[in-house]
Protein chains: 4
Amino acid sequence: MTTLAYLGPEGTFTEAALRSYAPDARGLPYPTVAAALEAVRQAHVSGAVVPVENSIEGPVTVTLDELSAGAPLLITAEVLVPVRFALLVRPGTTLESVKRILTHPVAHAQCRTFLAAHLPHAEVLQSGSTAGAAMTVAEVGSPYDAAIAAPIAGERYGLEALATDIGERSDAVTRFLVVRPPGPLSAATGVDRTSLVAYIRDDHPGALQEILAEFSVRGVNLTWIQSRPTGDGIGRYCFSIDCEGHIADSRVAEALMGLRRVCGHVRFLGSYARADGVAPAIRKGTAEADFTEAAGWLKRIRAGGV
Amino acid sequence: MTTLAYLGPEGTFTEAALRSYAPDARGLPYPTVAAALEAVRQAHVSGAVVPVENSIEGPVTVTLDELSAGAPLLITAEVLVPVRFALLVRPGTTLESVKRILTHPVAHAQCRTFLAAHLPHAEVLQSGSTAGAAMTVAEVGSPYDAAIAAPIAGERYGLEALATDIGERSDAVTRFLVVRPPGPLSAATGVDRTSLVAYIRDDHPGALQEILAEFSVRGVNLTWIQSRPTGDGIGRYCFSIDCEGHIADSRVAEALMGLRRVCGHVRFLGSYARADGVAPAIRKGTAEADFTEAAGWLKRIRAGGV
Amino acid sequence: MTTLAYLGPEGTFTEAALRSYAPDARGLPYPTVAAALEAVRQAHVSGAVVPVENSIEGPVTVTLDELSAGAPLLITAEVLVPVRFALLVRPGTTLESVKRILTHPVAHAQCRTFLAAHLPHAEVLQSGSTAGAAMTVAEVGSPYDAAIAAPIAGERYGLEALATDIGERSDAVTRFLVVRPPGPLSAATGVDRTSLVAYIRDDHPGALQEILAEFSVRGVNLTWIQSRPTGDGIGRYCFSIDCEGHIADSRVAEALMGLRRVCGHVRFLGSYARADGVAPAIRKGTAEADFTEAAGWLKRIRAGGV
Amino acid sequence: MTTLAYLGPEGTFTEAALRSYAPDARGLPYPTVAAALEAVRQAHVSGAVVPVENSIEGPVTVTLDELSAGAPLLITAEVLVPVRFALLVRPGTTLESVKRILTHPVAHAQCRTFLAAHLPHAEVLQSGSTAGAAMTVAEVGSPYDAAIAAPIAGERYGLEALATDIGERSDAVTRFLVVRPPGPLSAATGVDRTSLVAYIRDDHPGALQEILAEFSVRGVNLTWIQSRPTGDGIGRYCFSIDCEGHIADSRVAEALMGLRRVCGHVRFLGSYARADGVAPAIRKGTAEADFTEAAGWLKRIRAGGV
């Protein structure tokens with residue numbers, strides 16, 4: 001049976017992502033993203049599920065940093081999980097008796113309207129994660145009456161939901177990555193995303209424009225960009241980038257070769273199916289058939305034809 | 001006396017930033033960035049100090065989100081604080097007796113080498129913030145023996161440092177912003193930064209290139225860029241951008257007017273002195289004198305001169 | 001009465017352009033474009049009409065060179081003249097008796113089909129201009145039987161047209177410029193063209209891209225571009241450029257100020273109504289109202305408003 | 001023996017170019033560039049030598065038009081010829097007796113200083129070409145006393161030079177092309193030029209920027225660009241472009257494939273050694289080795305390597 005690491009503890013949105021991605025896999029919780037990815041590098045597990053965007057369970061920057069540094073890893077899939085919060089209590093607790101609530105600050109922020117309406121006098125205390133809050137509330141003799149956490153945390157720790165969907169933004173989702181050791185890429189599906197980190201060669205004005213031109217001239221759209229300090233001193237940057245398409249696509253391949261040439265370093269992180277199913281907008285002249293036709297034309301004219 | 005809100009609790013790196021920025025101000029801790037900024041909007045305080053980049057006390061994305069939405073606020077200064085961790089204990093505790101350590105997961109990650117060398121058998125538990133860990137350790141009867149936190153947390157909660165500078169990256173810094181209600185801008189110093197949020201008009205390919213061209217054609221370098229979902233649905237983005245220079249500079253002013261024209265919306269967040277003192281690299285032809293000379297030339301030729 | 005110089009001799013398409021532009025002006029023919037423009041510079045005439053594009057009467061490059069160098073001049077209007085050729089003979093000459101035809105090589109090239117069909121055995125000889133051919137044919141005792149020239153040449157030299165519109169491309173037009181001493185610009189009409197010469201500062205890769213970016217970022221379309229050697233040695237270039245719009249338009253004015261800053265030298269040649277009446281395609285965000293609105297916004301935010 | 005067509009008559013700078021390029025070839029003069037190129041297309045000759053830039057013998061636009069339209073041809077070499085003018089007379093004529101001079105208007109313009117100093121009272125008349133002027137002067141009973149033409153015209157027509165190098169710009173050169181039927185390309189020399197014509201797909205704003213981006217992103221510099229009407233109506237353009245490098249170079253090949261994809265049509269005209277010997281400035285990351293390395297990297301990462 002496959003074993004996958006994930007950002008624990010049990011009951012996090014990350015575990016929910018893992019269940020959605022691989023219902024039959026064995027999940028092994030790790031305390032940090034770094035630890036989960038290290039388990040992949042050390043071959044203790046066959047992969048890991050970690051949050052990457054808009055997560056409430058920890059900053060996405062950690063995941064980006066960990067994938068950018070250390071031994072290379074490969075992203076093979078992404079998973080979207082709706083962010084839904086529940087007010088979780090030990091069985092038998094009533095809404096009226098909830099005085100002290102434990103949760104992560106971001107979950108707290110997203111549930112203010114519910115709390116103001118239904119528990120205006122309750123004290124809200126901070127924990128490092130929503131799942132940790134649920135675990136603490138579940139302990140015998142816990143000084144807390146309720147946790148705000150993902151529904152899965154209630155299942156894991158034997159808590160009951162007094163209320164569900166108490167967050168303010170019902171469309172919030174968290175994006176997770178499935179990370180494997182380097183090896184065969186995920187097959188192209190036509191609706192793919194490619195992730196990479198690009199380190200500029202010299203910190204010169206216009207360096208970012210140069211990088212983006214490599215994509216735009218081949219009609220490859222970005223879906224994410226973030227400048228990030230490299231840690232080697234103030235003012236030195238790398239760019240964490242997601243683009244539409246698969247490295248098996250000519251337009252993506254040519255853009256990445258262009259990056260490889262103009263950047264100090266490029267780390268390819270993977271090409272994988274988009275979880276949101278949004279097909280790429282292919283600009284006229286940049287479809288696969290256009291690349292094939294142009295390559296044939298080049299071959300002809302190089303040989304003296306017309 | 002001036003009162004400034006900050007991301008609490010007491011003893012955080014944010015409080016250290018506030019002390020560095022305004023030693024004589026009264027600091028008022030708030031549980032979240034959102035709450036601190038709301039206190040400014042409600043005029044309960046005259047300003048707030050909040051983390052924005054590389055903070056270990058919470059994701060920077062919260063600050064960006066809060067500044068992007070709601071009633072407008074103005075950034076008037078930035079502060080850099082070195083990230084230094086100390087191992088804090090109640091007076092009298094010895095290194096040998098430390099069995100259970102409480103800290104934030106990111107602080108934990110940055111102190112692994114120290115812990116492996118000096119406390120290989122200690123259990124490390126997670127808290128929502130390093131300052132919260134120090135506060136908990138300071139409580140009478142605390143089940144924890146030590147906290148890893150900023151030195152200032154030791155001062156606040158009466159803890160002693162068994163070891164200082166135990167983090168692995170001695171050059172790590174956190175950047176904080178001082179945020180005020182809209183009003184007079186900070187004066188230009190020649191070494192300034194300008195922050196803004198740009199919402200693209202239509203989610204079309206090349207939209208980011210267009211935005212960047214407005215900067216590059218006027219020789220304005222970016223120091224930070226991050227694409228961010230607007231929350232109005234998948235695939236709609238805004239860009240959080242910092243650039244070199246002050247809006248009083250012609251090159252920055254013209255770039256911002258260009259953004260205003262091509263974007264769906266632009267929120268100016270402020271121009272303020274750079275804490276790192278890095279002077280802008282002014283490309284030939286984009287200095288203030290060049291703009292003045294060109295404006296004079298235009299006036300002449302419009303009037304029929306040569 | 002106004003006197004205008006033009007590229008002679010009498011009977012050229014240039015004279016036709018002058019008649020079309022200023023029916024009541026006195027026209028003074030000059031043997032070269034340089035001489036016609038020098039007459040303006042010396043104030044011997046109040047202006048000059050010279051060909052600039054697709055002319056059959058001489059290379060357009062001469063006009064561009066002459067406007068680029070020497071004392072500055074101002075283009076105040078443009079005129080389009082259809083290129084129509086007639087077979088001109090002395091009165092009484094019949095088609096059958098035409099053995100030797102004099103014309104300019106380009107006119108010859110454009111009338112080959114007619115000649116092959118109707119005068120397959122006639123000899124065609126070259127002259128320096130079509131009008132000069134007509135003049136020579138009109139001389140008593142001329143060794144030539146016919147000229148191919150503009151209809152106006154027949155009027156000037158007392159020749160009859162045996163056939164008209166004998167050119168192969170019925171839509172061919174020549175563009176002429178009306179050039180004045182520096183002084184008040186032509187008023188903006190909403191359908192204007194602006195001409196200039198831009199000298200790059202250093203002959204570096206990407207210099208042309210930089211120049212074009214100054215236009216494109218302000219939504220100003222080019223209608224003409226030609227790289228031209230400056231004559232100061234191999235590999236040094238200037239660019240002769242026409243763009244849509246009037247220097248009174250903000251988008252054009254800002255683009256020209258940008259050029260002024262990044263180029264070694266810019267010579268403004270004039271803004272004037274387009275003879276073809278093609279209105280500019282104004283890109284969203286670059287209309288006059290957009291510039292005005294953005295300037296107002298800048299003023300507000302510089303003053304601390306929102 | 002090889003026979004090459006050239007733009008006649010005998011004694012032109014074009015014949016001088018042909019002699020410089022192929023001293024032993026038989027030269028066959030043609031009255032127009034179109035006729036010379038048609039002779040190649042009809043296989044009456046094995047190639048043609050025609051002027052392309054800064055020629056005084058006819059507008060360069062003719063050559064560009066003729067290469068752009070009709071059956072494809074291949075440029076295999078270029079030749080530079082210094083533009084030197086001589087005052088040519090029938091043997092025995094003295095400077096004092098020169099009253100009527102025949103020449104091409106451009107030659108006239110370039111020799112004004114000499115004429116003003118030495119022949120202030122002579123009448124200057126226009127001919128269609130400098131060689132034609134020499135031929136006419138050489139005729140028995142010619143009404144002209146002298147011609148201004150290339151020295152080679154004196155040799156051809158038995159005239160003597162009363163003065164040489166009488167032009168004002170001693171560094172003027174004319175560039176000629178050697179044109180062949182489609183077939184094997186000239187071998188790459190490392191110092192090459194590539195010529196092509198690009199027709200934009202739709203006449204949309206920014207079309208030229210798109211075309212130039214295909215070159216600049218691969219570090220390919222342009223040495224010539226000219227917008228040209230396609231003749232299919234006002235406002236539709238194509239671009240005549242020369243760039244550094246040979247189509248055998250990866251950076252040029254990739255740029256041309258890019259053009260092929262984004263343009264409505266691209267006509268490759270040839271890659272050939274530069275006559276001026278100016279080596280390309282290769283931008284970091286765009287050398288042949290960089291392309292090879294990046295292609296190897298792509299292959300590795302597509303196969304799951306790092």
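1. The place of A:Ala43 is in the loop between α2 (33-41) and β3 (47-53) of chain A; helices (H or I, at least four residues) and strands (E, at least two) are DSSP runs, numbered from the N terminus. Although A:Ala43 is not a glycine, its phi is positive, at about 65°. A:Ala43 counts as exposed, with 8 C-beta neighbours inside 10 Å. A residue is called buried if 20 or more other C-beta atoms lie within 10 Å of its own, exposed if 12 or fewer, and partly exposed in between, the C-beta atoms being placed from the backbone.

2. This is a predicted model, in which local features need pLDDT of at least 70 and side-chain atom pairs count only at pLDDT 80 or more, while totals for chains, interfaces and linings use all residues. Residues are numbered from 1 along each chain as its sequence is written, and chains are lettered from A and ligands numbered from 1 in the order in which they are written. The model scores ipTM 0.88 and pTM 0.86. For chain A the mean pLDDT (the predictor's confidence in each residue, from 0 to 100) is 90, and 95% of the residues of chain A reach 70 or more. Where pLDDT is low, the predicted coordinates should not be read in detail.

3. Chain A contains 10 helices and 14 strands. Taken along the principal axes, the C-alpha atoms of chain A fill a box of roughly 85 × 45 × 35 Å. Of its 306 residues, 54% count as buried. Among the contacts in chain A with a separation of 6 or more, 73% come from residues 24 or more positions apart; two residues are in contact if their C-beta atoms, placed from the backbone, lie within 7 Å.

4. The domain assignment divides chain A into domain 1 (1-82 + 173-183), domain 2 (86-164) and domain 3 (185-306); such bounds come from an automatic or database domain assignment. The C-alpha centres of domain 1 and domain 2 of chain A lie 25 Å apart. Nine residues of domain 1 of chain A are in contact with 15 residues of domain 2 of chain A. On the domain 1 side, the touching residues divide into four nonpolar, two polar and three charged. In this classification Ala, Val, Leu, Ile, Met, Phe, Trp, Tyr, Cys and Pro count as nonpolar, Asp, Glu, Lys and Arg as charged, and the others, Gly among them, as polar.

5. Four pairs of chains touch, and the most contacts among them are between chains A and B. There, 37 residues of chain A are in contact with 36 residues of chain B. On the side of chain A, the elements giving two or more residues are α4 (105-110), α8 (207-216) and β12 (222-229). The largest share, five residues, comes from β12(A). By class, this side of chain A has 16 nonpolar, 18 polar and three charged residues.

6. Chain D can be laid on chain A with an RMSD of 0.0 Å by a turn of 180° and a shift of 0.0 Å along the axis. The two copies are therefore related as by a two-fold rotation axis. Copies are superposed by least squares on the C-alpha atoms of residues with pLDDT of at least 70 in both.

7. Two pairs of chains do not touch. No contact joins chain A and chain C, whose closest C-alpha atoms lie 12 Å apart. Chain B and chain D likewise do not touch, their nearest C-alpha atoms being 12 Å apart.

8. Further local features deserve a reader's attention. The peptide bond from A:Gly8 to A:Pro9 is cis, with omega near 5°, and A:Pro9 is in the loop between β1 (3-7) and α1 (13-21) of chain A. D:Asp165 has a positive phi of about 50° although it is not a glycine. D:Asp165 lies in the loop between β9 (160-164) and β10 (173-180) of chain D and is exposed, with 12 other C-beta atoms within 10 Å.
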